[in-house]
Amino acid sequence: MILPIRLSVLGAWSALRRVTVRGLMLSAGARKQSDPKKIPRHVKIRQKATPIGGPTFVHLQVLAAGGRDAGAATVHLASEFSRHLFNCSEGIQRLVQEFKVKAVRMENIFITRMDWSNIGGLPGMILTLNDTGLPSCRLFGPPELKSFLDGMKTFSSPLTIKIDVQSYKEPMYVDNTMSVHQIPIFSKKADSENPTVVSYLCKLREKPGAFMLERGAVLGLPMNSPELGTMVRQWKEGKAVHFDGREIQPEEVLMTAHPSLNILILECPDDSFVEPLCSNEDICRCQIDGKEIPVALVVHMTPDTVLANPTYQDWMRRFGEGTEHLIVNEQANCVHFPTQFEVQAQLNLIHPGIFPQLPPHTLLPVSSVNLPIPHTRAECMLKYELRPQRQWHRDSVPVEDKEKAIQEAWDIPDFADCVKECHEALSLDVNGKAETSSAIYPHTVFLGTGSALPCKSRNVSAILFRISEDSSVLLDCGEGTTSQLWRHYGHATDDVLLTIKAIFISHMHADHHLGLFQISTTIQKAMNAKGMPFTPLMLVAPQSMLTWLTHYDTHCHKILHHFHCIPNWKLQGHIEPQHASQPLLESLGLSKFVTCMVYHCKQAYGCVLEHPSGWKVVYSGDTMPCDKLVSCGQNATLLIHEATFEDGLEEEARARLHSTTTQAVAAGRNMAAGLTLLTHFSQRYARVPLFGPEFGKNVGIAFDHMHVGLNDLAALPRLIPPLKALFAEHLVHLEERRDKREMQQLRQMRALKRSLEDVESRTTCSKPQVSTTKDDKAPEEEVRKRESNNSESDIALKKARK
């Protein structure tokens, strides 16, 4: 019976560790520190391999198809030797999680243009590759890439991965899969902010044909000897082999070779690049009247406005009938995250108001551009196979199946009964209609409830707090926030974006601010589309955010004018923040907006929002249990508090400066908050965290795309029984993992107990005769100290025995 004694076991374990020296723990078999990061296995295998010729299997696959729900066009080209990523938009890490793409092998990343839409996912991808232990990664593209990486130092810890940046001025890149020639295209517009795009001409290496066994037998070759392997290798290297008095040429024993193929990957963002692109000599040589091998596939990361240009269309014709054309742009109508839609459909059964249905993904009209040649529109995970046979594959393209997800939910034991009881308790009608409405203010829309890395069903931190019909504030803005808004609001997204007057960034960890540039740019575009005057966003953020903004503005893209910056420290309650916050309060219609320094990293803050009508909302940001936050948030209507870890992982939470669920609930209780809503869950809790006994009448759990009005707060605890039923399988997995961890701790305690007893026994056996002389007597203070330590050890051992 492990579970009933869990708390006492952990208490005894802590006590034993306090009274035991480090060396004793190691000798007792306690868990050793993890080894330093090692080179991944796939890298070692590839380093030892000496392939002959090019790859056997090659395909190009679409990751982000270019639509607003997944960011700019991103594709990757993969072989058995390597993977190459072209562009790295926001949300790529989440797509990698969704479809289990082997991102750890993407050691070559090619950027077409220094625009945030193309590079917004790059910082997160680099941090992920760094955590996997990858020794090195190469970046290709505009020269500003180097400065961009330097700017990352303002918010990331030192990297162990070596980043090699090769601008378009560097020599051609060659590996076992292909050679890549960077082709810079320069805009004809003098005042273009991004005057350079880089196209990539990729040439697959030729692959020798396979050895023909039947032909070898006819020639009398030594079929079952190591000698044959040496001979085949020579043939594949193009050499003749002398055997049995004759010279055997490669074509006599090898099948037809896989010829070299060219792939052209390009971006043409506007008409100012059309003429320079269409007249480029390097590309012209690969067209039907050129001297190079014709192109097998052209990937056009090109908007419809450019595709309609007659010059561009004439240029497309010159590639000939044997060339495939893939269009990857904002007109993509496809689903990128089916798991998100399916989970939301299941949650909607529990409470349609709090978990609204997401708009259908097929929202955009069909493109009106008539291209003069056959072409294919991109879809997420669409694949074009280049070897061994050139053909399209759609078997991996995701399909949204809400009906199947709903039926699976109803088939779960006890789920229907729990939902019925919940509806009856909340007075929902038989169809599950909610009394709440999105028109009731204030309300909170959770756009990201996960920590560190995005996963299938939880994006990283972002909360939209809608104060009134025309004013909102974003509480943190992790990567992919703009796409989450699009998935939540559909065609109404631009109207909602225009209500955002301020953005609060709690601290400078990447999962809390990497969506900032994309959303500010999108808001400015929405203003222009509506004919509204330009208005900077008020940005309440750490002082170091200004350093990052300035660096990016200077070296990469003009962004600083999008913001009116207010350092977090200026809004702390104890320093009379009224003057600094007055524009903020007037814009949002609040009576108070104060910040509070919390226990996390440097310059980490929570915030408190108060309204003249009397409500008070507190957001913790990331923090350990913090008395200052409790003091600032007294009598809050709603506390939104991070709960990264489950109970039993207090030490991991302390090491990472986070809170457990019980600690977060305790903060709400000490604050006398009306309701504590938990968020910022570790990836291990992809569905729900472990429910503890502290989940009472005033505790709720946040989910992505959850819509919570103040009049919904009392309903949130009522949702826990159906949530437990819906995610029962996930909870069983979490409990099994917890039990395994506790068993391991118990074994360590027993080993430690035996070590203590051995030490005590050896000490007793070797104890010298006590001298009666005055000089040999131990001081009374030392004796008392030793007796005190022994007493504490005895108490811990007794607890362990129980």
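**Strand order and helix packing**

Colleague: In β21, which residue is the bridge partner of Ser472?

Modeller: The model is a predicted one. Strand β20 covers residues 471–477 and runs parallel to β21, residues 500–504, with four bridges joining them. Within β21, the residue bridged to Ser472 is Ile500.

Colleague: Which are the edge strands of the open sheet of seven strands?

Modeller: The order of this sheet is β23-β22-β21-β20-β19-β18-β30, and its pairing is mixed. An edge strand here pairs on one side only, which holds for two strands: β23 (563–567) and β30 (707–709).

Colleague: What angle does the direction of helix α18 make with that of β18?

Modeller: The twist of the sheet averages 20 degrees from one strand to the next. Helix α18, residues 481–489, packs on this sheet and touches β18 (443–448), β19 (462–468) and β20. Its direction and that of β18 make an angle of about 125 degrees.

Colleague: Is α15 parallel or oblique to α16?

Modeller: Helix α15 spans residues 338–350 and helix α16 residues 402–410; their axes come within 8 Å and cross at roughly 50 degrees. Because of that angle, the relation of α15 to α16 is oblique.

Colleague: How many residues of the contact of α15 with α16 are nonpolar?

Modeller: On the α15 side, the contact is made by Phe341, Glu342, Ala345, Gln346 and Leu349. On the α16 side, Lys402, Ala405, Ile406, Glu408, Ala409 and Trp410 take part. Three of the contact residues are charged and one is polar, while the number of nonpolar ones is seven.

Notes:
Residues are numbered from 1 along each chain as its sequence is written. This is a predicted model: local features need pLDDT of at least 70, side-chain atom pairs count only at pLDDT 80 or more; totals for chains, interfaces and linings use all residues. Side-chain values use heavy atoms; hydrogens and water are left out. Two strands pair if DSSP finds at least two bridges between them. Axes are lines fitted to C-alpha atoms, for helices over the stretch in contact, and angles run from 0 to 180 degrees between N-to-C directions. Contact means heavy atoms within 4.5 Å. Angles under 35 degrees count as roughly parallel, over 145 as roughly antiparallel, 65 to 115 as roughly perpendicular and the rest as oblique. Ala, Val, Leu, Ile, Met, Phe, Trp, Tyr, Cys and Pro count as nonpolar, Asp, Glu, Lys and Arg as charged, and the others, Gly among them, as polar.
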